[in-house]
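Please look over the model below alongside these notes. They are numbered so that each can be answered separately.

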Amino acid sequence: AAACGLSFVNYLVRFPRWERYRSLVGVELSRGSSLLIYLAGLSLTVTPGKVGEAFKSVLIRQHEGTPIHKTAPIVLAERVTDLLGFLVLILGFSLAGGLALDWIFWTAAGACLGICLALLSPAVSQTLVNLSTKLPGGNWLAPRLEGALSSARALLAPRELTGATLLAALGWGLECVACWLLARHFAPEISFALCGHAFAVAAVAGAVVIFTPGGLGVTEASLYALLLAALGAEGLSETSSVTAAATVVLLARLCTLWFAVGVGVAATALSSRLDPASPGSVS
């Protein structure tokens, strides 16, 4: 129950980021409607790169009328700042626990830097728009791509990254606490830095391998391996460490990933009661 509660607080901690992003792209919603749509996106968390969370853009268009191409970049900005938040956590846990930064950290950092530089470059944006005009349906695609890139530049501007990243680090840090609480049932003296580092690195590993839905398989395997080493370092026998690590992984994913899906499904059901946009406002 505590682990699920911490996961839910994580969503609420990151909600102000969503509010900031929707204001930057000009989406006007009541606070209650915005919260429901934000939570509804969690229902499609188990998709490659969590791109299914763009479902929020569909709900916004239905309710408020803003075109999907204008709000879809919010999902990209959320994923980039989530990754940056995890990198902040990994760096902090590494310093606290005397742990080395591995290739996962540097790969994710490079990916975030590359995405930000590419999207913030007017030359890259113009090149992509020009290329889109040469594709079938280019006259329809080009202005929408240009609008999406414009939104992405506003969301990932350097002045926006710091606050969004800190909110992400704080929110996901709560789920690191949840993992630690579960592990303490098996090894009461286990270090929070070790557990937090294991959870954060596993989450980033699942995010880097973007073709896996919700990091399934990759995140679990990474978390299991890291927890196995951490529990073994606390003096547990090999058999006890294997059992404990497997149990913590199962419960941690249930209380984070699958709990999020459940919250999203419930929010989606409630969002169906929202008043739709007038026909003339939807494009």
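1. Helix α1 (residues 2–24) and helix α9 (residues 158–183) have axes that come within 8 Å and cross at roughly 170°. Axes here are lines fitted to C-alpha atoms, for helices over the stretch in contact, with angles from 0 to 180 degrees between N-to-C directions. The crossing makes α1 roughly antiparallel to α9, a label for angles over 145 degrees. Helices are DSSP runs (H or I, at least four residues), numbered from the N terminus.

2. The contact of α1 with α9 has 18 nonpolar, three polar and five charged residues. In this classification Ala, Val, Leu, Ile, Met, Phe, Trp, Tyr, Cys and Pro are nonpolar, Asp, Glu, Lys and Arg are charged, and the others, Gly among them, are polar.

3. On provenance: this is a predicted model, in which local features need pLDDT of at least 70 and side-chain atom pairs count only at pLDDT 80 or more, while totals for chains, interfaces and linings use all residues. Residues are numbered from 1 along each chain as its sequence is written, and side-chain values use heavy atoms, with hydrogens and water left out.

4. What does Leu89 contact, leaving aside its neighbours within four places in sequence? The partners are Ala169, Trp172, Gly173, Cys176 and Ala200, where contact means heavy atoms within 4.5 Å.

5. Helix α8 (residues 138–155) has 18 residues, which at 1.5 Å a residue should span 26 Å; its end C-alpha atoms are 25 Å apart, which agrees. The expected span is 1.5 Å times one less than the number of residues.

6. Gly138, Ala142, Ala148, Leu149, Ser151, Ala152 and Leu155 of α8 are buried (under 20% relative accessible area; exposed is over 50%, partly exposed in between; 1.4 Å probe, protein chains only). Their cover includes α1, α4 (68–71), α5 (73–97), α6 (103–120), α7 (122–133) and α9.

7. Ser151 has a relative accessible area of 6%. Not counting residues up to four places away in sequence, Ser151 touches Val25, Lys70 and Pro73.

8. Leu131, in helix α7, is partly exposed at 49% relative accessible area. The C-alpha atoms of Leu131 and Ala142 are separated by 8.5 Å, with the two residues 11 apart along the chain.

Notes:
Helices (H or I, at least four residues) and strands (E, at least two) are DSSP runs, numbered from the N terminus. Angles under 35 degrees count as roughly parallel, over 145 as roughly antiparallel, 65 to 115 as roughly perpendicular and the rest as oblique.
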